[in-house]
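Welcome! Please open the structure in your viewer, and we will walk through it one selection at a time.

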Amino acid sequence: MTAADRPAPEDLAQHVPVVIVGAGPVGVTAALLLARRGVRAVVLERHRDVYPLPRAVATDDEVRRIPQAAGVHEEFAAVARPARGLRLLDARHRVIAEFPRSPRGHHGFPQTSMFDQPELERLLRAALARRPECELRGGVEVTAVEQDADGPARVTYRDDEGEHVLLAQAVLGCDGAGSLTRAAIGAEWEDLRFEEHWTVIDVTTKAAVRCWEGVDQVCDPNRPATFMRIGADRYRWEFRLRETEELDDELLRELVAPWVDLSRLGSGDDFHVIRQAQYTFRARIADRWRRGRVFLLGDAAHLTPPFVGQGLCSGLRDAYNLTWKLARVLQQGADDRLLDTYQRERKPHARHVIRLAVATGWAMTGGQDRAAALRRTAVAAACRVPGVTSRAGRDLSRPLPVGPLTRRSRLGGTFCPQPPVTAEDRQAVRLDDLLGDSFAVLTAVPLPPSLRALTEGLGARVVDVHDTGDDGSLAAWLRSGRADAALLRPDRVVLDVVPAGGGDFTGTAVWAPLLCTTRRPPEPPVSAPVLRSTTR
């Protein structure tokens, strides 16, 4: 057979519901969340194995609900350790302020947890391999992502066997800061005006390291630094070096001396540097996150400086927000306008987190101008005001903007709390495990027949807060929001409420057409093969 006789790649194209470009934590989590809703996905990744070096190290209690929703909570809990909070230190390592974090926050988990990203990625991939809806293809290079006005998106990739084409109903670009997917949809970076060059050092040691089990941020304009304990014998330092400096053994000893004296280490106290990397911390956000059925998630959509530990957290929020909406469109024929709410909800939130990280970095490092000392003094004074540090230790999140899926109310756009509750078998579980993956209604009053019919149309589970066996926090939460009932989306954001004494939801005419539909979902192509959980 001559080259002219061979079928073109598009003639051999494989039809799949969803293609995910990138098998980092965001891409694999998105695949797991889709799989739990019965949506099949192929994940394409250039590396054959987990990238071995640590990067992200922290998550908050809100984001801990996402591994729970993905079915990997127990595995994640085994590799995570709670952190006590954040301390601001001056140049002589005296405490300026302390921001404590609770062992159990609003979302039912420690407010801050530390972890090793390679461990997280390994457990996520192990979970992916157990799902028949997912297939991971490693060692491949995605060369093009295209979409016509009509028809499926087209993803072209190369492996050892040649070039292949996948035709997908949706493509999720989870391919990082250098995203090919971002370029393919014509998105451009908006620069939020922060750029600093830092050195990150990850270490394993059995030596005695002076550590308070939280994060230290040294507010020294000449030598700003961050220190944290990640695991039993794992530590991370981040330093902003001067342009003329090179990190040799002598400088390393000087930098870590406030925490560990390397000159006194015995032969059994190895101080092993497992990674030393130069990073440029940037603050950027893409101007568009979607074109048709091609979406951007994680670092492909936004870059966050690490000062509040929200880089990976923001990407996981993207996956949680988008996947339930995409599944409802693909599986249940919901209105395609439902997908418009992804960027509308997530982009302002991501921008808020980036700006908070930039402001926190500015306050911590203090800059290098004449006003730096005055700013640090002001920060210290502010932190002595009663209640300031406790308020700063609350959720970094904020309510989603008012829109079709977040109606205006005291609770609208916020997350419901997640206390321990009692399941039907009388076992203690977290609230999300009781509610499952669907919509839910938490109510303090009997629902009238009209609302019962509406919730049945949504497939929502109705839970009386007086029968949950919790500590009363759910009923108190409804009272604080002046609501008799709250309608929760699958990502546990409050969509709408029944105001106290009101008898009905406030915005049914807006959100019901997007969610409650009798239109049949699109039929998958007959040629679509059964996927296997494999890694090539």
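Before the first stop, a word on angles and axes: an axis is a line fitted to C-alpha atoms, for helices over the stretch in contact, and an angle runs from 0 to 180 degrees between N-to-C directions. Keep in mind, too, that this is a predicted model.

**First stop: two helices.** Select residues 25–35, helix α1, together with residues 117–129, helix α4. Their axes lie 10 Å apart, and the helices pack at an angle of about 30 degrees. Because angles under 35 degrees count as roughly parallel, α1 is roughly parallel to α4. The crossing of these two helices, α1 and α4, is left-handed.

Now show the side chains where they meet. On the α1 side, pick Pro25, Val28, Thr29, Ala31 and Leu32. Their counterparts in α4 are Gln117, Leu120, Glu121, Leu124, Arg125, Ala127 and Leu128. In this contact of α1 with α4, eight residues are nonpolar, two are polar and two are charged.

**Next stop: a hairpin.** Select residues 141–147 for strand β9 and residues 153–159 for strand β10. Six bridges join β9 and β10 in an antiparallel pairing. Look for Gln147, whose bridge partner in β10 is Ala153. Five residues sit between the two strands of this hairpin, and in the turn Gly151 has a positive phi of about 90 degrees.

**Last stop: confidence.** Colour the protein by pLDDT: the mean is 87, and 87% of the residues reach 70 or more. Then select residues 1–8, where pLDDT is below 50 and the model has two contacts beyond near neighbours in sequence. Finish at residues 385–393: here pLDDT stays under 50, and the model has eleven contacts beyond four places in sequence.

How values were computed: Residues numbered from 1 in each chain as written. Predicted model: local features only at pLDDT ≥ 70, side-chain atom pairs only at ≥ 80, totals over all residues. Heavy atoms only, no water. Helix = DSSP H or I, 4+ residues; strand = E, 2+ residues; numbered from the N terminus. Parallel < 35°, antiparallel > 145°, perpendicular 65-115°, else oblique. Left-handed = near helix turned anticlockwise from the far one by under 90°. Contact = heavy atoms within 4.5 Å. Nonpolar A, V, L, I, M, F, W, Y, C, P; charged D, E, K, R; others polar. pLDDT = per-residue confidence, 0-100. Pairing = 2+ DSSP bridges.
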